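Open your viewer and keep the selection tool at hand. The tour goes from the whole chain to single residues.

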Amino acid sequence: MRITRRKGGAGLAAVGLPSRRAQVAAVFALAVLLGVSVLYDSAHIAASLRRHGGGPLAFAKLSGAAATTAKEEAVARSPPAQAAESAAEGTDRAGPRREVQEEEAAKPEAPAESSPAVLEEVVKGGGARGGEHPGTCDLYKGRWVLDEARAPLYKESECSFLTEQVTCMRNGRRDDGYQKWRWQPDGCDLPRFEAKLLLEKLRNKRLMFVGDSLNRNQWESMVCLVQSEAPWEKKSLVKNGSLNVFRLEEYNATVEFYWAPFLVESNSDDPDIHSISDRMIKPTSISKHAANWEGVDYLIFNTYIWWMNTPKMKTLRGGSFSRKPVKYDEMERVVAYKKVLKTWSRWVEEHIDPERTTVLFMSVSPVHMQSEGWGSPNAIKCFSETQPAINYNKTLELGTDWDLFATAQRVTKSMKKVPVHFINITALSEIRKDAHTSVHTLRQGKLLTKEQKANPRKFADCIHWCLPGVPDTWNEFVYGHIVSSPPQRVEDQPNR
């Protein structure tokens, strides 16, 4: 996803709310660039501008006029930290395979605030092909900005739908600094997250996350980002096996999560009992899960972390997982991963109507198990980390499987009948060693005991993320795609 790059103009201190003429021009620029009628959404965007007219806010200059350049902003800031640059180098070292970015044309976004002069991290790992979209901005190239005025987007205590797995402060974490970083792209702004605008786009529609516990992590984030717009008696959360459904009655909209850690059938498909070390998949069997995805308006897929316990994957030769003896073959992880994504992509292109459904695919969510990878060999995984990986001038080595990243990128890019938006969260998330649940979480459904917390080498969870936290940023990317997308073909849908 790219939006128009800021052009040179007034200095940082001069950035503020644009004139009414600039606002109107920006709104009409949305309609022109999208090539569709978006007057309904533009009205909401303009209303958002009016609501924030009195505050110290700035606007993402979609028209490219009278804005601050990235170079001018840098003058007023601290020197960029090196760890983010090392993450970019990690992106580059995979070679041409990882230079592929989503094929989507440049799209303007909803208004966003400008960044203050604060501590920053610089990431040069967005992966845009040089010169392909001159004058546009790659949202995945940027820096983490410490901004206590704007982050977090919601409070942990105000979202009762969060599970104990991710409520780090309630579970005993003493510092909340991890909540106060926001992502600032180079040369442009992320669209300001407006829950009401998103819910208007979701009116009479379904949004579904499909995948593993990281996508569930992101689903919980999205629920918290939108739930405040509905009174308590007008919203509900129902869990039914693999499917969790959060419903907002006034909008006849749902935000859902479907458990399918490998996307295809596996012996880990039970949503409650799936801690299986000897994992096995049916790489060409997807219809059982996919029957639950049909008719959804926005589908957000992921699959990664469940692939990472062994270098080879067991694939069922025939029959069922319960029939003994189980016969299986083994193949290299990346080969099996590609086979599964090919199965998934065929299903998408055969069953999804691109005029009705928007499809997104989340890239790899990194883990922080190896503290020597960010220059702290005496630390214990992510335990006690309170800052992003700053002042580290070497390549971050976290054990991320960039071959799986590249495979997902190539497969999604190759899909022409149904475009898939590849959301590149990997390099920017690698920096955030400070934001995992660590010992402030659950194990086998129960909060860690005092004795377990005292043994972080065994019990610290450096895979999942505290909320509010990093997955909120991932959802800002999702939000940008949804609110800037053309109106979908609407079918009659009963109240769900």
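**Whole chain.** Select everything. This is a predicted model. Colour by secondary structure: the protein chain has 13 helices and 19 strands. Now switch to a surface view. Of its 496 residues, 57% are buried. Take the contacts between residues at least 6 apart in sequence: 80% of them link residues at least 24 apart.

**Strand E4.** Select residues 181-185. Is this strand buried or exposed? Five of the five residues of E4 are buried, so the rest of the structure largely encloses the strand. Show the side chains and check each face. Trp181, Trp183 and Pro185 lie on one side. Arg182 and Gln184 lie on the other. Both faces of E4 are covered, and these residues are all buried.

To line up the two strands, pick Val145: the residue opposite, in E4, is Arg182.

**Ser484.** Move on to helix H13, residues 470-483. Ser484 is in the segment that follows H13. Why does Ser484 count as buried? Its relative accessibility is 3%, and the cut-off for buried is under 20%, so Ser484 qualifies. The Ser484 side chain reaches the backbone oxygen of Gly480 at 2.6 Å. Draw that distance, and the tour ends there.

Terms used:
Residues numbered from 1 in each chain as written. Predicted model: local features only at pLDDT ≥ 70, side-chain atom pairs only at ≥ 80, totals over all residues. Heavy atoms only, no water. Helix = DSSP H or I, 4+ residues; strand = E, 2+ residues; numbered from the N terminus. Buried < 20%, exposed > 50% of the residue type's maximum accessible area, 1.4 Å probe, protein only. Contact = heavy atoms within 4.5 Å. Polar contact = N/O pair within 3.5 Å; in protein donor to acceptor, adjacent residues only side chain to side chain. Pairing = 2+ DSSP bridges.
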